[in-house]
Amino acid sequence: MLRVGLTGGIGAGKSTVAARLAERGAVLIDADKLAREVVEPGTKGLAALVEAFGADILTADGALDRPALAAKAFSDEDSRQRLNGITHPLISARTAELMAAAAPDAIVVHDVPLLVEGGYSAGYHLVLVVDAPVEVRVKRLTEVRGMPETDARARIAAQATEEQRRAAADVWLDNSGTPDVVLAEVDRLWADRLVPFEANVRLRRPRPPMSPKLVPYNEEWPAQAARALARIRAATGEGALRADHIGSTSVPGRPAKDIVDLQVVVSTLDDADAFADALSDAGFPRAEGDWADDPQDGSAAPWPKRFHFGGDPGRPVNLHVRSTQTPAWRLALLFAEWLRQNPDERDAYAAVKRELAGAHAADGTVEAYADEKQDWVNAAFHRAEAWAAGTGWTP
């Protein structure tokens with residue numbers, strides 16, 4: 001099952017996107033709809049609200065009088081917390097029921113208006129944000145919904161900022177134009193990313209081999225890594241000692257293969273095996289076979305590790321799971337920080353990578369490319385260790 005979080009500011013047109021995804025076959029769970037369901041007449045939720053706020057929050061026919069409830073529940077912080085304490089667990093429980101009822105190969109789209117504000121992003125394989133400029137949203141709210149302009153602007157201002165939403169967004173859908181534009185984008189997203197992503201997670205299908213190809217530094221790489229790391233930390237829990245963005249994409253300004261390298265550090269590889277299924281379910285399928293790093297301390301034995309791929313075809317990820325029983329985890333952190341702090345070495349490494357990427361552009365894999373650059377990397381480790389000793393660097 002693929003869990004997709006869908007959100008966007010009021011008036012952005014999120015419902016247009018949600019409806020299209022449902023047409024394509026998604027199982028749609030609407031948080032606003034569930035919020036109404038759990039307080040319908042005869043429910044435990046409505047009874048709890050009456051007990052907490054009084055019978056005058058009901059209409060004459062016994063339904064919830066929402067304005068009357070709002071007048072009481074939002075009068076102070078304690079009342080608001082009391083309201084949330086009643087409704088949120090009920091909504092969460094109903095959401096869990098619906099997700100559990102979905103088919104194993106389902107793409108479940110959870111429409112949550114306050115997904116960013118609630119900090120829920122790590123619970124989804126992918127977060128989609130629907131956006132439109134503020135003035136477009138104000139116009140929609142006033143002309144289509146009949147909302148007073150002052151109310152529309154106040155509602156928009158009370159929600160997450162564009163910067164906060166962009167930080168959470170794996171996919172940013174601009175809905176400022178005519179509906180056909182965003183609908184075409186949703187169709188492409190469904191076919192090219194969501195459907196294969198679901199299959200990759202369910203079938204534990206690794207990313208196909210590819211030739212080495214360098215691209216210019218992408219300012220989005222750190223944010224993409226941060227979102228992946230949040231999901232990884234949620235999946236690994238206390239089994240992981242730390243999780244970091246490593247490798248070339250973690251070095252600002254340097255060209256790299258468009259694959260984000262991440263590292264999880266564990267005490268022993270038994271810990272890695274214990275959360276392997278959770279990581280796979282979270283969107284990072286474990287790669288089969290024995291994986292190891294070449295030793296840099298002169299020993300003959302390789303340094304074993306575990307390896308996971310990112311299942312998202314729109315954001316390739318390599319996830320290295322290393323234990324503190326070998327030095328490999330520390331060297332990965334050291335090498336990246338050394339390059340960040342030493343521009344000349346960073347540029348020299350980039351030149352080596354460009355030359356080898358060109359030489360192996362038609363290989364279809366990165367194996368020969370990686371093998372040939374290892375000599376430079378091995379020598380660089382010694383220079384990095386000298387820098388660490390001189391600066392007092394530690395992980």
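Which residues in α7 meet which residues in α8?

A: Keep in mind that this is a predicted model. Now to the two helices: α7 covers residues 134-143, and α8 covers residues 149-158. On the α7 side, the residues that make the contact are V134, E135, R137, V138, L141 and T142. They meet E149, A152, R153 and I156 in α8. Sorted by class, that contact has five nonpolar residues, four charged ones and one polar one.

How do the helices sit against each other? In general, a packed pair of helices is described by the angle between the axes and the distance between them. Here α7 and α8 pack at an angle of about 130°, and their axes are 9 Å apart. Angles over 145 degrees would count as roughly antiparallel and 65 to 115 as roughly perpendicular, so α7 and α8 come out as oblique to each other. As for handedness, the crossing of α7 and α8 is right-handed.

The largest pocket holds about 1900 Å³ of space and is lined by 50 residues, with A31, D32, A35, P113 and L114 lying nearest its centre. Helix α5, residues 77-101, gives the most to that lining, with 10 residues. The second largest pocket has a volume of about 1400 Å³. Its 42 lining residues include D261, K305, H320, A370 and K373, which lie nearest the centre, and α16 gives the most to this lining, with eight residues.

Definitions and conventions: Residues are numbered from 1 along each chain as its sequence is written. This is a predicted model: local features need pLDDT of at least 70, side-chain atom pairs count only at pLDDT 80 or more; totals for chains, interfaces and linings use all residues. Side-chain values use heavy atoms; hydrogens and water are left out. On a 1 Å grid over the protein atoms alone, a cavity is a set of points where a 1.4 Å probe fits but cannot get out, and a pocket is an open set with protein on both sides within 12 Å along at least five of seven lines; lining residues have an atom within 4 Å of a point. Grid points are joined across faces, edges and corners, and a volume is the space filled by probe spheres set on the points. Helices (H or I, at least four residues) and strands (E, at least two) are DSSP runs, numbered from the N terminus. Axes are lines fitted to C-alpha atoms, for helices over the stretch in contact, and angles run from 0 to 180 degrees between N-to-C directions. Angles under 35 degrees count as roughly parallel, over 145 as roughly antiparallel, 65 to 115 as roughly perpendicular and the rest as oblique. A crossing is left-handed if the near helix is turned anticlockwise from the far one by less than a right angle, and right-handed if clockwise. Contact means heavy atoms within 4.5 Å. Ala, Val, Leu, Ile, Met, Phe, Trp, Tyr, Cys and Pro count as nonpolar, Asp, Glu, Lys and Arg as charged, and the others, Gly among them, as polar.
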